[in-house]
Amino acid sequence: MIDVLKDPIAWIGDLLRTWLIGLGLLPEFVTFLLQLLSAVIIATAVLLLTFLLIWAERKIVARFQDRVGPNRVGPFGVFQTVADLLKLVTKELITPTGADLVPYNLAPLITVMSVVGLWAVMPLAPTVLPADINVGVLYIISIGAIGMLGILLAGMSSNNKYALLGAFRTVALMVSYAVPMVLALLVPVLLSGSMGMQAIVEGQRPIPFFVLAPIAALIFFISSLAEVGRAPFDLLEADSEIVAGYNIEYSGLKFGMFFVAEFLHAFTISALTATLFLGGWSGPWVDLYPVLGMLYFIIKSSIVYFVVIWIRGSFPRIRIDQMNALNWKFITPVALFGLVFTAVAEKLAVELGLSRLLTHVGANALLIILTLLALGIYARSARTKFESGTKAG
Amino acid sequence: MLEPWVFIALLLGAGMLLPGVAIVANWLLSPKKPNALKESIYECGIETVGDTHVQLKGAYYIYALIFVVFDIEAVFLFPWAVAYDKLQLYMVLEGVLFILILAAGLFYAWRKGVLEWV
Amino acid sequence: MIPLSWYVLFSAALFCIGLYGALARRNALAILMAIELMLNAVNINLVAFWRYITPDLIAGQAFALIVFAVAASEAAVGMALIISIYRHRNTVAVEEIDMLKW
Amino acid sequence: MLSLLQIAFLVAAFLTIVSAIMVVTTPSMVHAALWLILTLAGVAVLFLLLNAGFLAVVQIAVYIDAIAIMIIIVVMLTKGATRQRIRQVNKTWWGGAIAALILFAGLIALFTQTPALAVNAPALAMSQEALLEDLGMALVDVNRYIIPFEVASVLLLAALIGSIMVARPLVRGKDEEVEA
């Protein structure tokens, strides 16, 4: 019998299972029912979480900008988002003329699905991993990119120039930033020797990968920010340039779903960063009380999420050509060489019997120095080019 | 062996169904008074000029192309990274060679100037 | 359990659908999509034979991966050609691209 | 009596075949691309039923996320040529149909004479994790598939360079494309 205090979730699961089998149901069917139940619970919880996220973001950004933020509905304005939702629910759903109906209506659902699907492999605690598959990291890449499909569908089916342009910009940038993201994700897989999320968290019990591979962690964080389209990469909804982007022809909750997906995705990448690079649920006494793991996980994710909001409050939006050049000419090459350096350093540390920590930190420091040197040379050549009359850039 | 995948299928289904239910609720609650003007295509407050499917520039294809190539590269490298602990040094270097060959492709694209956002 | 013949039958059907598409469609893009279908049929076959006949050799999965790489390269180059032809001739119909030079 | 696995197979296979037929018959290229995505997802489900979880995820990551997106982008890029609802099959489409049918009939005739196809799947000796590790080992092992592995990277490089050469945006000025 599992102790209630140690692991309440497994305890409840066991209780339900024995009760349902006692009712005379087949064990396989009971397993299926429990899976269905947990799937619905996770999806609902994650979607309800969005209310809190939107409120928290508005509140925090307001403090950054020296405002108060929502403070009318409920204590500290917590129910502001609920009020917003109620307003959205009563809005008329307008379908633009000439819209391609099936893709048009499917697009918001696919977008939300791709974000909710990411939570299937999120290890919440040592004993709580919704779906323990051995290809978790690759699953994250593939399901996360399904969101691109939703955006592309929305842009193509709306029968609107701006929606189409917005969707194509979004997809071009998401596609670009997926390259360094995938390369950065190879690093934790390489260090832990597994693609399973639980194994990756186990692999960073003594030292989180953020210490061993700071460059990969930063690249993953930045490229995920771009994937989500958060500030400073929010040119997808740059209203002065392309009206509002791919979701311009959507109204009511259909628009709301894109909104929900975006905010939830921002928190999801925070949780992913916390899991893959900051050690996820690991922390002191987690072996004694697995429930503590969930607390650590939430604290770490919230800290990363706060950084996401902080960045939004602090940085101006970058131009699309800058964003493009940043990705292809800086982040992707660095990610490629970061992977190479980590692969060689880890093997060398084992072969030569060096300290793992020192070797990795040394390799990363070397890469940073080389990057700075390359940037310096590039900047000097750009300056001479500029000063010799031919306009640089 | 398929149990976690059943769960993933259920979660993806729930992830589509719940927003679907919300949108249906919206459709039931909301007023339904469509008219031609309301449903016309929005464009800065004036009517859309010309065909809505504008010609896009070819650079979008290049980005998708580079993404495809690096995606396949990652797919080859993930098993390599999983087996990393059991590999000997020369096997690791083969993987590094694989990465460097594709890095050459990226630098070719850079030199050719197709990575610029014109 | 699912017998192997089901998979083989399925992949034969998928391959023949792809073959029809590649032979009958006019649009070069549609032909590319049909070829993707055929490559998928091949992959199903490779993996099914790996699973049923030689599950202890990894060859089936390894070669399915290689097929992925080949499919991606084929699609990439094919679409580059389509874009180039569309720029020059403003068409993507294969019947109208029957000259070797223009 | 069909087992649950068999029902899952039949449903997935049926949906895949139907959407594959839609791919080769829909007049609109956009819709054909969307049906193609459904077909590819169905094939991913079949990979899962074959206990090849890795390939199933790869199928989604490579085909749906990368190749299908590229196809959709190219469909939109060449919209000018496909917009008008012109004939989508060529004049000898019946020849293609007959060839496909003959091939299918021949394959079925072949299958009925192959008793080896009636086998059931043996149990997997290795766990999924060990399989993946073995795959990774096999790809860089000198005695196994190191040549295909490195050739694949050269092939991808060639595809990248070739496609860029062919599809490189034209010189400005000559370029008639709308800035988008």
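In which order do the elements of chain B run from the N terminus on? Select chain B and follow the chain from that end: the order is α-α-α-α. Chain B holds 4 helices and 0 strands. Here helices (H or I, at least four residues) and strands (E, at least two) are DSSP runs, numbered from the N terminus.

**Before you go on**

This is a predicted model, in which local features need pLDDT of at least 70 and side-chain atom pairs count only at pLDDT 80 or more, while totals for chains, interfaces and linings use all residues. Residues are numbered from 1 along each chain as its sequence is written, and chains are lettered from A and ligands numbered from 1 in the order in which they are written.

**Stop 1**

A residue is buried if 20 or more other C-beta atoms lie within 10 Å of its own, exposed if 12 or fewer, and partly exposed in between, with C-beta atoms placed from the backbone. Of the 118 residues in chain B, 47% are buried.

Two residues are in contact if their C-beta atoms, placed from the backbone, lie within 7 Å. By that rule, 7 residues of chain B are in contact with 7 residues of chain C. On the chain B side there are 6 nonpolar residues, 1 polar and no charged. For these classes, Ala, Val, Leu, Ile, Met, Phe, Trp, Tyr, Cys and Pro count as nonpolar, Asp, Glu, Lys and Arg as charged, and the others, Gly among them, as polar.

**Stop 2: chains C and D**

Which chains share the most contacts of the 5 pairs of chains in contact? Select chains C and D, for they are that pair. Chain C brings 60 residues to the contact and chain D brings 73. On the chain C side, the elements that give two or more residues are helix 1 (4-24), helix 2 (28-52) and helix 3 (59-89). Helix 3 of chain C gives the most, with 19 residues. By class, the chain C side has 44 nonpolar, 9 polar and 7 charged residues.

For contrast, show chains A and C: they do not touch, and their nearest C-alpha atoms are 14 Å apart.

**Stop 3**

Select helix 11 (residues 252-277) of chain A and helix 1 (residues 3-29) of chain B. Their axes come within 8 Å and cross at roughly 150°. Axes are lines fitted to C-alpha atoms, for helices over the stretch in contact, and angles run from 0 to 180 degrees between N-to-C directions. Angles under 35 degrees count as roughly parallel, over 145 as roughly antiparallel, 65 to 115 as roughly perpendicular and the rest as oblique. Helix 11 of chain A and helix 1 of chain B are therefore roughly antiparallel to each other. To find where they meet, pick Gly252(A), Leu253(A), Lys254(A) and Met257(A) on one helix, and Pro19(B), Ala22(B), Ile23(B) and Asn26(B) on the other.

Next, select helix 3 (residues 59-82) of chain B and helix 6 of chain D, whose axes come within 7 Å and cross at roughly 110°. These two helices are therefore roughly perpendicular to each other. Chain B supplies Phe76(B), Pro79(B), Trp80(B) and Val82(B), and the residues from chain D include Leu132(D), Glu133(D) and Leu135(D). The contact has 8 nonpolar, 1 polar and 1 charged residues.

Stay on helix 6 (residues 128-140) of chain D and click Asp134(D). Asp134(D) is buried, with 22 other C-beta atoms within 10 Å. Leaving aside neighbours within four places in sequence, Asp134(D) is in contact with Ile58(C) and Met126(D).

**Stop 4: the core**

A nonpolar core is a set of buried Ala, Val, Leu, Ile, Met, Phe, Trp, Tyr and Cys residues joined through C-beta atoms within 7 Å. The largest one here has 281 residues, and Ala33(D), Ile69(D) and Met70(D) touch the most other members. Helix 6 (residues 161-192) of chain A gives the most to this core, with 24 residues. Centre on Ile69(D): among the residues it touches are Met148(A), Leu152(A), Val175(A) and Ala64(B).

**Stop 5: two loops**

Buried or exposed: which is Asp66(A)? Find Asp66(A) in the loop between helix 2 (27-64) and helix 3 (80-89) of chain A. Asp66(A) is exposed, with 6 other C-beta atoms within 10 Å. Its phi is near 60°, a positive value in a residue other than glycine.

Finish at Asn51(D), in the loop between helix 2 (29-49) and helix 3 (53-77) of chain D. Phi of Asn51(D) is near 60°, but Asn51(D) is buried, with 20 other C-beta atoms within 10 Å.
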